[in-house]
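Dear colleague,

Please find below the structure that I am handing over to you, together with its sequence. My findings follow directly after it.

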Amino acid sequence: MRKRKFVSTMGAIALAASLATPVLAEGQPSPATPEQQVLSVEGFTNHAQLSKKLQQLVQNSQGKVAVEAAGYSNQGREIWKATVGSGEKVILINSEIHGNEPVGTESLLSLLQFLGGNSPEAEKIREEVTVVALPKMNPDASELSRRGNVMSWQEVVEDFPQLGNASAPWNYYTYKNSFFDYESQPGFDVNRDFNPDLNYVPKAEDFPGNSSTAGWYITPESQTVRDVYKSLVEEYGKVEVFVDLHHQAPYYEVDGTDDLVTFSISGQFVPNPTTEAGSKYAEYADNYNYDFSRQLNVAVFDALQTGNSPFKNITLYPQSLDLPGTALGTFALNGSGTVLFEVRGQTQSFGQKKKGQLVKAVERGLLGIVTGVTDGSVYEIDPEEYESIPLTKGRQ
Ligand SMILES: [Zn+2]
């Protein structure tokens, strides 16, 4: 393996400053449509700030939150892993696999603070479950406020010489437009680099692939998440729940209403291996637990149905997906109950506007999962309730 380029903390701060997303000066006309703008994202936690905040969480919780570097990004930034609780059931939560989707990281920081606190609720949760968070797992992308990581195909071939004659994969970005410059800093959609075979080794004949074939673990970011997942399976027998925190387009509406969707959820990423459509995944049929994924999604939906109305506008993300290269598809096939969160608006649509409300909404949904597993109530939910979660208008 190629030697990783390690960046010291001070180096990381300097690098972060030099790579900061450009912010329009006040009064300067926007070159972009309202859907796609260069907006301030300084209100979101960057990697250097995350490193500090996590250390503070360790101190403030008197060690109840433990933090370590689970691995390093291609540019050498730490991929932090925060663990709280000592229960037998593991809930693994990932954020910012796409670097312009930062709300989940803020929600995780807030959740970790609560779980490391002294309330009786937090204490009870810590006894029953172990929550493992991978906040900002694609930090190089986050520093550039973009989807893809920072890694060239040439670097991949250095790591895997057997790919010398292979074509670069379909999820490799090299384009340039007014928002993203993948031409000078190419990268991969890390969320298509997972493979349900957790021991898969890249083979030239599996490239360039497509959205309904598995990924290859060619990026250090996906390798790190895979390694964390495998180590948890080894220690706990299985990863009970896997949650991935994303963003979607900003102006979807709840089907049958004019209400804007706060976030969409899903427990369906690959066709069910027990059905004909999913027969290519037959070897995973014994592990796959679609009903548990559906129960978890209902727990999220129910957790948002009290309080202010924006929080109630939760819909199902489009169903009938076949995306084995996503972290969710891969870990669903390996037996975890899975939940996708898709919060409205990337940083190019809202910047940090609406941050407070969205962070709170996601945190509330996550707590629905954590408390449902803690008190066992999620296992009592009728999975069919999933089918009555509203769809998104115009999407299936
Ligand atoms: Zn995403």
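In this predicted model, Val-241, Val-243, Leu-245 and His-247 point one way from strand 7, while Phe-242, Asp-244, His-246 and Gln-248 point the other way, and all are buried. Strand 7 comprises residues 241–248, and because eight of its eight residues are buried, it is largely enclosed by the rest of the structure.

Strand 7 has parallel neighbours. Five bridges join it to strand 3, which runs parallel to it; here Ile-91 stands opposite Val-241. Eight bridges join strand 7 to strand 10 (residues 337–344), again in parallel, and His-246 stands opposite Glu-342 of strand 10.

As for the sheet as a whole, eight strands make up an open sheet with mixed pairing, in the order 1-2-4-3-7-10-8-9. Strand 1 (65–72) and strand 9 (314–316) stand at its edges; each has a single partner strand, so one side of each lacks a neighbour in the sheet. On average, neighbouring strands of this sheet are turned by 20° against each other, direction ignored.

Two helices deserve mention. Helix 2 (residues 47–60) lies across strand 1 and strand 2, at about 150° to strand 1. Helix 7 (residues 220–236) lies across strand 1, strand 2, strand 3 (89–95) and strand 4 (129–134), and runs at about 130° to strand 1.

With kind regards

Terms used:
Residues are numbered from 1 along each chain as its sequence is written. This is a predicted model: local features need pLDDT of at least 70, side-chain atom pairs count only at pLDDT 80 or more; totals for chains, interfaces and linings use all residues. Two strands pair if DSSP finds at least two bridges between them. Helices (H or I, at least four residues) and strands (E, at least two) are DSSP runs, numbered from the N terminus. Axes are lines fitted to C-alpha atoms, for helices over the stretch in contact, and angles run from 0 to 180 degrees between N-to-C directions. Two residues are in contact if their C-beta atoms, placed from the backbone, lie within 7 Å. A residue is buried if 20 or more other C-beta atoms lie within 10 Å of its own, exposed if 12 or fewer, and partly exposed in between; C-beta atoms are placed from the backbone.
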